[in-house]
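This report looks at a few helices and at the surroundings of selected residues. The sequence and the structure are shown first.

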Amino acid sequence: MVGKVLGIRDLEQFSSRRSSVYVDPECDKFFELPLFIAASSNDITPKCQCWQFSPGKEPALRSFTEIKQLLQQNKKGDVKKILRENYWPINSAIRSQLWPALCAQHLTKQNLLDGFYWEMVHQVFGTTELSERPIMLPAFVDATHCLPYHLTSTGRAVADRIVNVLGYDCPDITYSPVLYPITAILLHFMSEEEAYLCLAGLVGSKEKTFINQTKLQHEVTWKTVMQIAKKHTKSAIAYFQRICPGQKLERVFMDWCWWILAGLPFQHLVRIMDCYFHEGIKVLYRVALVIINLFHKECQSNNEWSPDNIKNDIGNALIKFCKKIPVSPAKLLHAAFSIRGLSTQYISRIFIKTEMTLKSRSVLSSGSKQLIKSRSSDNLPTSQSQVNIQMMSHTLTIRELFTLWSWLPVRITMYQPVLLYTTEEHGCSLTTFYVRVEQHEPTLLMIKTCNNEVFGAYCSSRWFERNVKDDKGQRQAYFGTGETFLFSLYPERAKYPWVGIEGDRDLGHSSELFMAADSKMITIGGGEGQAIWMDENIRFGKTDGCKTFNNPPLCPSGDFEIRVLEVYGFVGI
């Protein structure tokens, strides 16, 4: 008798899909097909202890049709809840439709939908036939972590071909060790072309991060996980440092993603992917924190993980522990999503702070000659952009533009500036300001006072975020990230970055008051004063020193009258 989760036809169709050339028959031990076959009419006894359903109390699993409708209605919060709460069996046919649909919502290149992949295959390899000879992997692949998850030799060749085509189409990918394992996981549930489209969506996503694509991003990510762990798993971190005083914590966290991808059983990994393909890398952050806490608990009660056994290599012990993880996928994810205070905004602040610290160290160590060269000739505004700014701007000369350009994040200098709003043309209204500016990220806000002082701010987040509500349904007073900075161009030239990039110490809430806005005012910077405040008529303002940027008042008088306000965006972001 077939169980109630899948019908006979569903099982036959999915089993035939997986028994294709991609997946090794040995892989059936991961899928536990007998799990849904009743031993008798009154008893269902799963082989896998990870899935214990009480008779008559099976969860009513949601269908792909229901989820598809929610995706089409852009009800992402409802989809997130379903994905977290619905524990589809590991051999459920739903993933062959669900995963491509989840990844498709992140696609930015719509031309990928019409035979693009096979055209690229032919362009790269000269044929769409799969070669019997080994395919050389791109340089961004980590050969030591090409986890095949029981793919056949043909399946591995298909995975090799996918990552090659992706590398050809996305030359900006320079280091991405997790890309190959995720490719292999996708091939368990879909065709080669579908797997490529999924990866294209994950790599190209602009709203969320799924896959790191450079060594800098990779390093920033594991250091972000380490910083979050120091706050959310304090007792575990203290325990590790106590039993291994000579072992640096950094060496443990460098391999954090392999606790999950190389350590966890396949049934755990598949359930994590259900949520990951919708929510992004923050799902993996949460799982990593649970692993740390579980491992710490086991270390105190299980002799296998005693201090003597793990002190020489905690990192390797963590991966071994994950292979034997003592909780089901359901309990693992429940614990992960029960962690409080781990919002996307909080993670973003930690990530950007870490990224800025690493970049500043890189610039300092690269030498002054290289710095001068990169700022004198690389990624400057085009001559046409310079002409446009000269003709339209009341706040910027070309010299001041170049100065300001040298202060921008390097990735932003690859784009061209465009004037979004100016009081000279669009009038002095905060409502008009929001209409023209709020959906752009980042923006440069330039103020020229009636005393000819020129100053402003680089605003890292959209002004629309003033309307975003937190988990309790309340609007957050402040928003933005640590990339935001203040500057003065006249009479003095100075940049005032976020105080948080100067070290790892906790500076308190007042150090993270980046941007605030409502229908009556705009504020940038806070804590014992507001660095920039403007009224709803964009006529009067004031400037104080503040804790967020540790700046002096940006004009001597403190209070100022606005002659012109200009806001710039960047084309192509």
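Which residues of helix α6 (residues 116-125) are buried?

## Helix α6 and its surroundings

The model discussed here is predicted. In helix α6 (residues 116-125), the buried residues are F116, Y117, M120 and V121. Viewed down the axis of α6, these buried residues fall within an arc of 135°, and they therefore line one face of the helix. On the other side of α6, residues E119 and Q123 are exposed.

The buried residues of α6 pack against two helices, α7 and α9 (192-204). After α6 comes G126, a residue with a positive phi, near 80°.

## Helix α7

Helix α7 (residues 153-169), one of the packing partners of the buried residues of α6, is itself mostly covered, with 13 of its 17 residues buried. At 1.5 Å a residue, the 17 residues of α7 should span 24 Å, and the end C-alpha atoms are 25 Å apart, which agrees with that expectation.

## The crossing of α14 and α18

Two packed helices are described by the angle between their axes and the distance between the axes. For helix α14 (residues 266-279) and helix α18 (residues 329-337), the axes come within 9 Å and cross at roughly 35°, and the crossing is right-handed.

On the α14 side the contact is made by Q267, H268, R271, I272, C275 and E279, while α18 contributes P329, L332, L333 and F337.

R349 is part of helix α19 (residues 344-365). With a relative accessibility of 19%, R349 counts as buried, because the cut-off for that class is under 20%. When residues up to four places away in sequence are not counted, R349 touches W498, E512 and F514. R349 and T481 are 132 residues apart in sequence, yet their C-alpha atoms are 5.6 Å apart in space.

T423 belongs to helix α23 (residues 423-426), and at 10% relative accessibility T423 likewise counts as buried. Setting aside neighbours within four places in sequence, T423 is in contact with C428, I538, R563, V564 and L565.

Conventions: Residues numbered from 1 in each chain as written. Predicted model: local features only at pLDDT ≥ 70, side-chain atom pairs only at ≥ 80, totals over all residues. Heavy atoms only, no water. Axes fitted to C-alpha atoms, helices over the stretch in contact; angles between N-to-C directions. Helix = DSSP H or I, 4+ residues; strand = E, 2+ residues; numbered from the N terminus. Left-handed = near helix turned anticlockwise from the far one by under 90°. Contact = heavy atoms within 4.5 Å. Expected span 1.5 Å × (residues − 1). Buried < 20%, exposed > 50% of the residue type's maximum accessible area, 1.4 Å probe, protein only. Arc of directions from axis to C-beta.
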